[in-house]
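Please look over the structure before reading on.

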There are 2 protein chains.
Amino acid sequence: MNTQDHNLNMSRILTEYNIRPTTIRKNIAGLLFDGTDRHVSVDDVIEMAHAANVKTSVASVYNTLNRFALAGLLRRVSVDLGRMFFDTNLSEHHHFYYENEGRLEDIPHGLIKVSGLPKLPKGRAVKSINVMVWL
Amino acid sequence: MNTQDHNLNMSRILTEYNIRPTTIRKNIAGLLFDGTDRHVSVDDVIEMAHAANVKTSVASVYNTLNRFALAGLLRRVSVDLGRMFFDTNLSEHHHFYYENEGRLEDIPHGLIKVSGLPKLPKGRAVKSINVMVWL
DNA sequence: TATAATTTTAGAATAGTTCTAATATTCATA
DNA sequence: TATGAATATTAGAACTATTCTAAAATTATA
């Protein structure tokens, strides 16, 4: 897919998620959504943007990633560090966390099963279940 | 159990975990280990100390809680916030996280089962598995 | 009790993130 | 395609959680 098509594609995705497809948003989306699964920190994205000659700011990267996550285009994943990761893989899945390396890795969909969830208080529903396996 | 016995008890526990039983450590331990399960943040402990007339400092609370966690007397639990919780419940168990309230709750031991863990890379072992159920 | 090792602490420093408010862009409509 | 209203972007300040520093205090040991 050439750059222009890719861009159009990003625009389509953003619109679909009710996110106004502005220039930086398309650019950042373009860096993240290329079909591969990523776990990026804000710093990662800032570096990627820099490397790709996408001019933006720290605040915009935060705004954009948070906006994407809120809309469901990314998934926020936090580990026992003061730093957030954003996961492009939205399918139901869990994570390995390589403690020494500070690195996250997807556990392929469907492998892990969580069972035995207790009865929930009335009116409560499970929003999501996160399994983090520390290695 | 009276105060003195409680204090002695704390001393014994700390020693058992190879932590030198200094005054503040015994005091902070005394606030936390009374048999109930707690999820405290650093701020919580600072408040508890204040309420109990235990004189200490922010740095010491951090030092102490981190030391306890390292020694295995507490378990660090992080949620999707920039803040750490320390869990006094050391038995194998998982957590409900009440998103709106920013509150953690234990899921009683043995209820939840995680199955289907994939084969690990050679030389890797599971350090721990954390299940967080968002409500 | 004297000495060495460790701990405590106030305050400075750092890191990650959000806020502010001025500027720029986008979108709907004429 | 201009116009204006709504929304987004951004630099830098501010904020929050945590760690660091180094001097003073406490604790353990000889």
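Two strands count as paired when DSSP finds at least two bridges between them. The model described here is predicted. Between E6(A) and strand E6 (residues 113-115) of chain B there are three bridges, and the pairing is antiparallel.

**Strand pairing between the chains**
- In this pairing, A:Ser115 stands opposite B:Lys113, a residue of E6(B).

**Contact between chains A and B**
- On chain A, 27 residues are in contact with 27 residues of chain B.
- Three strands of chain A each give at least two residues to the side that touches chain B: E2 (75-78), E6 (113-115) and E7 (128-134).
- E7(A) supplies the largest share of that side, with seven residues.
- By class, the side of chain A that touches chain B has 15 nonpolar, six polar and six charged residues.

**Relation of the two copies**
- Chain A is superposed on chain B by a rotation of 180° with 0.0 Å of shift along its axis, at an RMSD of 0.1 Å.
- The two copies are therefore related as by a two-fold rotation axis.
- Because 100% of the interface residues of chain A are also interface residues in chain B, the copies meet through the same surface.

**Surroundings of DNA strand C**
- There are 24 residues around DNA strand C, and those that come nearest are A:Ala59, A:Met84, B:Thr22, B:Ser57 and B:Ser60.
- Helix H4 (58-71) of chain A gives two or more residues to this surface, as do helix H2 (23-32) and helix H4 (58-71) of chain B.
- The surface near DNA strand C is made up of 11 polar, eight nonpolar and five charged residues.

Terms used
Residues are numbered from 1 along each chain as its sequence is written. Chains are lettered from A and ligands numbered from 1 in the order in which they are written. This is a predicted model: local features need pLDDT of at least 70, side-chain atom pairs count only at pLDDT 80 or more; totals for chains, interfaces and linings use all residues. Two residues are in contact if their C-beta atoms, placed from the backbone, lie within 7 Å. Helices (H or I, at least four residues) and strands (E, at least two) are DSSP runs, numbered from the N terminus. Ala, Val, Leu, Ile, Met, Phe, Trp, Tyr, Cys and Pro count as nonpolar, Asp, Glu, Lys and Arg as charged, and the others, Gly among them, as polar. A residue is near a molecule or strand if its C-beta atom, placed from the backbone, lies within 6 Å of it. Copies are superposed by least squares on the C-alpha atoms of residues with pLDDT of at least 70 in both.
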